[in-house]
Amino acid sequence: MAYLKVIAGSAPGQIIELTEDQTIVGRHPDSQIVLDNAAVSRHHAKIHVSHGHYYLEDLRSRNGTFINDKPLLQRSELKENDQIDICEIILEFTIDYPAQFLEEKFELGPSDSEEPASSTRIGQEIPALTEAEEGLESSSILSSISAGESSQSSAYRLDINSEAKLKAVLEISQALNRVLDVDEALQRTMKCLFQIFPQADEGFAMLIDPDSGRPVVRAILCRSKDQDSRVSRTVLDYALSQKTAVLTEDAQSDQRFSSSESIAGAKLRSLVCIPLLDQNQESLGVIQLAAYSLVRSFTSDDLDLLTSVAGQVSLAIENAAMHQQLVSQRDLQRDLEYAHQIQLGFLPSNRPETTGYDFSDYYESAQSVGGDYFDYILLPRQRWAFTIADVAGKGIPAALLMARLYSAARYHLLTTDNMARAIEGLNNELATGGVGHRFVTCVLAVLNPETHKIKLANAGHLPPILRRADGTVNALSRKDSGLPLGLEPSYTYKQIELTLQPGDTILLYTDGTTEACDSEQELFGMERLMESVATAPAESDGLIRHVLNDIEKFAGGDTNRDDVCLVALHRRPQ
């Protein structure tokens, strides 16, 4: 196992264990290691383990990642005592910390649950009562205990069978120790209750389904494989609605249950039914035990005993359900992290290198995956295409459409010299490709370095900003911008053409730039963006850094922003 030790930063000396296959380091709260520093990118760097080796990779961060005082330019393997510098926060990598830093772990033993012979099926949903079945006469209850009052008290009633209660609680606790599966916990509970109550001939446990709101059978146990376990909706509904544990000594003669066919058919003579309540005193489900013989029937002491152990069972169920939820969330988060890395793989890893020009870019998604996209494509005759797009929406649907846009844009740019025709082909493909009602804003542009001309077409995207060498700025193609892609298959787009003079710069950007908000929910806006571009350095990398710093200051470090993507192209002075 590998570790990071904080050498310099807000918590020097802290030890961080690297337990995941991928560990994201960044400012965003969904990072595995969160660095509270405005200079840190939301997803700044990643530590990845492969075949026992650990690798460090920069995630296109704004201020870069350093390893042993050298800038990290590509994925590098981490060695013992390597120092990682992220915006003056220094982390030391090691795989040699002593055992006291390790968390205690345990493995679950095999389940001893068995498949019972029963006509009531596990997973069976119990329907609601009809009006004829509702309405019980509480005056005929032989004995009852409020499950809510019992579970709220930390002490048990020790005036009745205190030794039996203590033994039962200990046995249930031992049976449920480290059980992190709800169904296994219930099955073990049933087996333990059959040992505590030898008169029980059959029993079942039900939990309320969170979607339907109805009880669902989750565990069944019978003494004999020839027996059938049947559920009385009347008893079940009474225990759940009143949150009261119920005992009836002769269920067949009890007037409250005279309409219940399941009691008559199963010849039940005695039963106890106890609701399971969570910490907020809401019903989780019930446990019911039944006996066929009046000679070995349940008593009030048995009801009290079963009520005493119900709190332990409820806690085990809540813990198991919480564990399953955490496991599901962890698996989903891991899938999203892999999707994030795949999406980053679609983005260009190298910027164009052509005489007299420099390119720069920045990309950061608001969630694990996003819908912003940019690309560089080398075309015949040493021309360079550069594109930017924004898929409507966020998350996985937007990311999937972005992946499709990636390949489609490359195809259409390579098959025509006219940007209007290229964007029309792309629009037709998306509009007729069955992607639903989503749309995409997009700019396609091609630079000819020999003539210094740029051909550009805009499909509903924010207008590119042209900064001249003298510092004046203006937005391009406002009147020539067409509909977003995917809305109308036969729409006709326009192409504009301009010449870059020495010192000129073009900036392409997505709406996460202009829609950044301050604490008063005021937008950064187009006017502030153009002012920022006008006062920025002319070269592309300095311009993007300047714009991002202005946005960061305006938003006050707010992380709840849209996806952000910027691409800049600068013609160097002669």
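**Conventions.** I note that this is a predicted model, in which local features need pLDDT of at least 70 and side-chain atom pairs count only at pLDDT 80 or more, while totals for chains, interfaces and linings use all residues. Residues are numbered from 1 along each chain as its sequence is written, and side-chain values use heavy atoms, with hydrogens and water left out. I take helices (H or I, at least four residues) and strands (E, at least two) as DSSP runs, numbered from the N terminus.

**Entry on the sheet.** I followed strand 1 (residues 2–8) to strand 2 and found the two antiparallel, joined by four bridges. Two strands count as paired if DSSP finds at least two bridges between them. Both belong to an open sheet of six strands in the order 2-1-11-10-7-8, with antiparallel pairing. At its edges I find strand 2 (15–18) and strand 8 (70–71), each pairing on one side only.

**Entry on the cores.** I then turned to nonpolar cores, meaning sets of buried Ala, Val, Leu, Ile, Met, Phe, Trp, Tyr and Cys residues joined through side-chain atoms within 4.5 Å. Buried means under 20% relative accessible area, exposed over 50%, and partly exposed in between (1.4 Å probe, protein chains only). The largest core has 31 residues, and Met190, Leu193 and Phe197 are among those with the most contacts inside it. Elements that each supply at least two residues of this core include helix 3, strand 16 (270–277) and helix 6 (300–346). Helix 6 gives the most, with eight residues. I also recorded a second, separate core of 27 residues, which includes Ala398, Ala409, Leu485 and Tyr493.

For Phe197 I listed the contacts (heavy atoms within 4.5 Å). Leaving aside neighbours within four places in sequence, Phe197 is in contact with Arg223, Leu289, Phe298, Asp302, Leu305 and Leu306. Ile274 lies in strand 16 and counts as buried at 2% relative accessibility. Not counting residues up to four places away in sequence, Ile274 touches Ala245, Gly285, Val286, Ile287, Leu306, Thr307 and Ala310. The C-alpha atoms of Ile274 and Leu247 are separated by 8.8 Å, although the two residues are 27 apart along the chain.

**Entry on the helices.** I checked helix spans against expectation, which is 1.5 Å times one less than the number of residues. Helix 3 (residues 182–196) has 15 residues and reaches 21 Å from first C-alpha to last, close to the 21 Å expected; 13 of its 15 residues are buried. For helix 11 (residues 540–555), the 16 residues should span 22 Å, and the end C-alpha atoms are 23 Å apart, which agrees.

What caps the N-terminal end of helix 11? I find Glu539 there, with a side-chain oxygen 3.0 Å from the backbone nitrogen of Asp541. Just after helix 11, Gly556 takes a positive phi of about 65°. The buried residues of helix 11 include Leu543, Val547 and Phe554, and the elements they pack against include strand 18 (357–364) and helix 10 (525–535).

Is Ser532 buried or exposed? Ser532, found in helix 10, is buried, with a relative accessible area of 3%. Beyond its neighbours within four places in sequence, I list His546, Val547 and Asp550 as contacts of Ser532.

How values were computed:
A polar contact is a pair of N or O atoms within 3.5 Å; within protein, one must be able to donate a hydrogen and the other to accept it, and residues adjacent in sequence count only if both atoms are side-chain atoms.
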